[in-house]
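Colleague: I am new to this model and would like a close look at one part of it. Please start from a single residue and then go on to the elements elsewhere.

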Amino acid sequence: MQQNKSDKKIIPLSETKERKKQKEAWLTIGEVAKIMNVSAKSLRYYNQIGALVPEKIDPETGYRYYSPQQLGSISMIQFCIHAGIPLQQLSKYTSGGTVDASLLLEDALDVANEKIRQLQEDITFINEQKQMIDRNRSLMLTDRFFQYELPEQKYLTEPIPPNANADSLNHAFRYIHTAAADMGVRTGFHYGKLYVYQPGKEEPKRYAALNLFGYEENSKGVLVIPGGTYTAVSLAASRIEEAADIFPKQMSENRTNYVFETEMITGTYRFGQSLYELSCTGNVCN
């Protein structure tokens, strides 16, 4: 039976406009993504972790719709991401539709200050490594003793035997690098053999040593090396066992002497194919 035109439901024009107005009041996921410069994938993730749930989901199509008021929530999420606050912690700042902006900003400030501290530490680390490279370059240009000042340093150490062979050294260096990683501490480029000569002792204490950067604790195996004047010389081969002959003045003094032997880093560098820097505490000129 053919339906008469008069039998069709006629929707008043005013109702049609109202529906259109309501529809336009909601934002699709694509519209939100475009307005807030965020990907649809990110919006789905925010929904997944409960950080931003769509205001409305069409039961027939499954389309997500957001209210214009939720754009402010997206701004807060973007701020958290920029500040480094995990989105999983977002519920800490929201309750019953309200946002504790004061607490959010306090935590964001703490995170920002920590980033500044880490950046300042990075700058100090970079400058110290650059100074070491510049010092090594200067040392390569002379066949004489070279003197420089160093602040107090800390080294992670592992005892080694006299005239340690390659296997013994590799084992020791592997151990101290692994231990430093387990400690979660940053290490510098300065590592090698460290001999500690003590007054009244014929033989030095011998270590494989790795420079620790920014490490404040005193743990087992960590030696604190005093700051002061160091005298260095560049050598074509390992000669740390001859330190007493190379630095006779320092060794004759009644004090503890620290002697380092490291491969020199001069900028362009290949590990294992380098000159050696042999350095000792003290001044050869005094």
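Colleague: Which strand is N211 found in?

Modeller: N211 belongs to strand β9, residues 205-213, a strand being a DSSP run of E of at least two residues, numbered from the N terminus. This is a predicted model, where local features need pLDDT of at least 70 and side-chain atom pairs count only at pLDDT 80 or more, while totals for chains, interfaces and linings use all residues. Residues are numbered from 1 along each chain as its sequence is written, and side-chain values use heavy atoms, leaving out hydrogens and water.

Leaving aside residues up to four places away in sequence, N211 touches Q153, K154, Y155, R186, T187, G188 and H190 (heavy atoms within 4.5 Å). For K154, the backbone oxygen lies 3.3 Å from a polar atom of the N211 side chain.

Elsewhere, strands β1, β3 and β2 form an open sheet in the order β1-β3-β2, with antiparallel pairing (at least two DSSP bridges between paired strands). β1 (27-28) and β2 (56-57) are the edge strands, each pairing on one side only. Two bridges join β2 to β3, residues 64-66, and I57 stands opposite R64 in β3.

Among the helices (DSSP runs of H or I, at least four residues), α4 (residues 70-83) packs against α5 (residues 101-140) at about 25°. The two are therefore roughly parallel (under 35 degrees). In α4, M76, F79, C80, H82 and A83 meet L104, L105, A108, V111 and K115 of α5.

Technical notes
Axes fitted to C-alpha atoms, helices over the stretch in contact; angles between N-to-C directions. Parallel < 35°, antiparallel > 145°, perpendicular 65-115°, else oblique. Polar contact = N/O pair within 3.5 Å; in protein donor to acceptor, adjacent residues only side chain to side chain.
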